[in-house]
Amino acid sequence: MPVKKIMACLGRGAALALSLALAACSQPVPPPEISGELRVGARNSPATYYIAPNGEPAGFEHDLIRAFSQSQNWSLDWTEKSRPEALFELLDSHHIHLAAAALPRAVVKDRHLIAGPVLFETPVHIVYRTSDKQPRSMADLSDKRLALIIGAGHTPILMRQKRKHPGLSWAALENVWPEELLAQLQAGKYDAVVINGMDFDPMRNVYPGLAVAFDIGDTQQIVWALPPRSSQALRNALARFVEQARKDGTIKRIYERYFGHVRKLDSGDILGILQRRPQRLPGLRQHFHEAQTLTGIDWRLLAAIGYQESQWNSMATSPTGVRGLMMLTGQTADRMGVSNRLDPRQSILGGARYLALMKDSLPARIPEPDRTWLALAAYNQGQGHMEDARRIAQARGGNPDNWVDVKEALPYLGRGTYSKVMRYGYARGGEALHFAENIRNYYDILLRLEPEFNPLINLGSSEDGLAAPG
């Protein structure tokens, strides 16, 4: 056969193979009850799906979907998109079985999609700066700078309000996470913003200068979206699961994990550490001293972490599964050789080793005290998110080795603006900043009140449980 003819045949064969492959890609996914795989589209956001400090996926909707798939013995396949509109397109083409993006039921219905069972309800807040005069009603927002996030379901609410208040106008922001919206409000770009309660609650203590002025409209019902021709078996399974999860408390537990209020550091917190110090610290001092001997980290800094984490309560347990005085995750405890997280000595030594690991993971050129402050934020958010924050600091013209610049970059972990330089996706960077700065305050208090520990001088101290040399 002539060479040209052979090549032509090969070309037609390749084209056919390509067309078959494309056709296969465009075919609707089979129902999960047949394939054994649930395909989910999710938006990287605090309420839905993000990478937690331990490197694992997390988020309210992520955890609930995972529980649903496990109840059906289905595997999970995740597709992340930055915009709800992109998820709707995947549903329309039947490339996913459901979409999760903190979607209001009204938005799903407007798109002529199937709304799953209501997962929870959230109020719609008008949030303002407390340094300004508090608006009492929508009439007070006429001619004010108001902003909302596209796709959050707030536009129809404001359109109805505009009929009553013609002077009302707003900026509709795209590809913006809730934390970024609040940051812009705090910076003075807007006079008020529209935001769901589930998005504002975790940020209340990160932005203490912001508060709820009033609520508008009815509460929003948050649901998952399914394609119009989704299988009846999937819909029935989903309805049964949500009903059972509501009865057995699964939804409530997961909701509390992600939307509980963040504790403030205020005069009450300072009073708390002063009151608990003579009550709880004496029995723990020897363990903190041992941890300093092991790691070289000032025992008072380790004690400050312990207070921030558990208020020096060795039996502390959080809804997220972290436990003990230093509130270690199961994964971190295993990594640090801790067999019993509720044992105060093991917990303190494990936490000290983990902080030392975070310090050692940073570039050797970073000096103290920046090295320690960066490690504290990494202790809270994970090394991956800390590296993202350092990249953001550099992208903003700062020094990624300088805590002053990185602390300004940490809140940007919760904003879509810098997603291009964020390898690990969304994180509550404001919480890591809050965590590190709280510890610095507690550390300053303990520096003033507690003596330095020198292992050589205190070698024979009976306080540390060491026998004096004979």
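Q: Where does Pro202 lie?
A: Pro202 sits in the loop between helix H8 (197-200) and strand S12 (210-215). Helices (H or I, at least four residues) and strands (E, at least two) are DSSP runs, numbered from the N terminus. This is a predicted model, in which local features need pLDDT of at least 70, side-chain atom pairs count only at pLDDT 80 or more, and totals for chains, interfaces and linings use all residues. Residues are numbered from 1 along each chain as its sequence is written, and side-chain values use heavy atoms, with hydrogens and water left out.

Q: Why does Pro202 count as buried?
A: Buried means under 20% relative accessible area, exposed over 50%, and partly exposed in between (1.4 Å probe, protein chains only). Pro202 has 3% relative accessibility, so Pro202 counts as buried.

Q: What separates the C-alpha atoms of Pro202 and Tyr258?
A: A distance of 7.7 Å separates these C-alpha atoms, while Pro202 and Tyr258 are 56 residues apart along the chain.

Q: What makes Glu309 partly exposed?
A: The relative accessible area of Glu309 is 24%, so Glu309 is called partly exposed. Glu309 belongs to helix H13 (residues 299-310). The UniProt annotation "active site", from an unreviewed entry, covers Glu309; UniProt positions are given in the numbering used here, feature names are shortened, and annotations may be inferred rather than shown by experiment.

Q: Which residues does Glu309 touch, not counting residues up to four places away in sequence?
A: Leu325, Met326, Met327, Tyr379 and Phe435 are the ones, with that sequence limit of up to four places applied. Contact here means heavy atoms within 4.5 Å.

Q: Why are H13 and H16 called roughly parallel to each other?
A: The axes of H13 and helix H16 (residues 370-381) cross at roughly 30° and come within 13 Å. Axes are lines fitted to C-alpha atoms, for helices over the stretch in contact, and angles run from 0 to 180 degrees between N-to-C directions. Angles under 35 degrees count as roughly parallel, over 145 as roughly antiparallel, 65 to 115 as roughly perpendicular and the rest as oblique. H13 and H16 are therefore roughly parallel to each other. In this contact, Leu301, Ile305 and Glu309 of H13 meet Thr372, Trp373, Leu376 and Tyr379 of H16.

Q: What makes H13 oblique to H19?
A: The axes of H13 and helix H19 (residues 429-449) come within 8 Å, and their crossing angle is roughly 125°. That angle makes H13 oblique to H19. From H13, the residues in the contact include Tyr307, Gln308 and Glu309, and from H19 they include Phe435 and Asn438.

Q: Which hand does the crossing of H13 and H19 have?
A: The H13 and H19 crossing is right-handed. A crossing is left-handed if the near helix is turned anticlockwise from the far one by less than a right angle, and right-handed if clockwise.

Q: How do the residues of the contact of H12 with H15 divide?
A: Helix H12 (residues 285-295) and helix H15 (residues 344-361) have axes that come within 9 Å. Their contact residues are eight nonpolar, two polar and three charged. Ala, Val, Leu, Ile, Met, Phe, Trp, Tyr, Cys and Pro count as nonpolar, Asp, Glu, Lys and Arg as charged, and the others, Gly among them, as polar.

Q: How many helices and strands does the chain have?
A: The chain has 19 helices and 13 strands. Buried residues make up 50% of its 470 residues.
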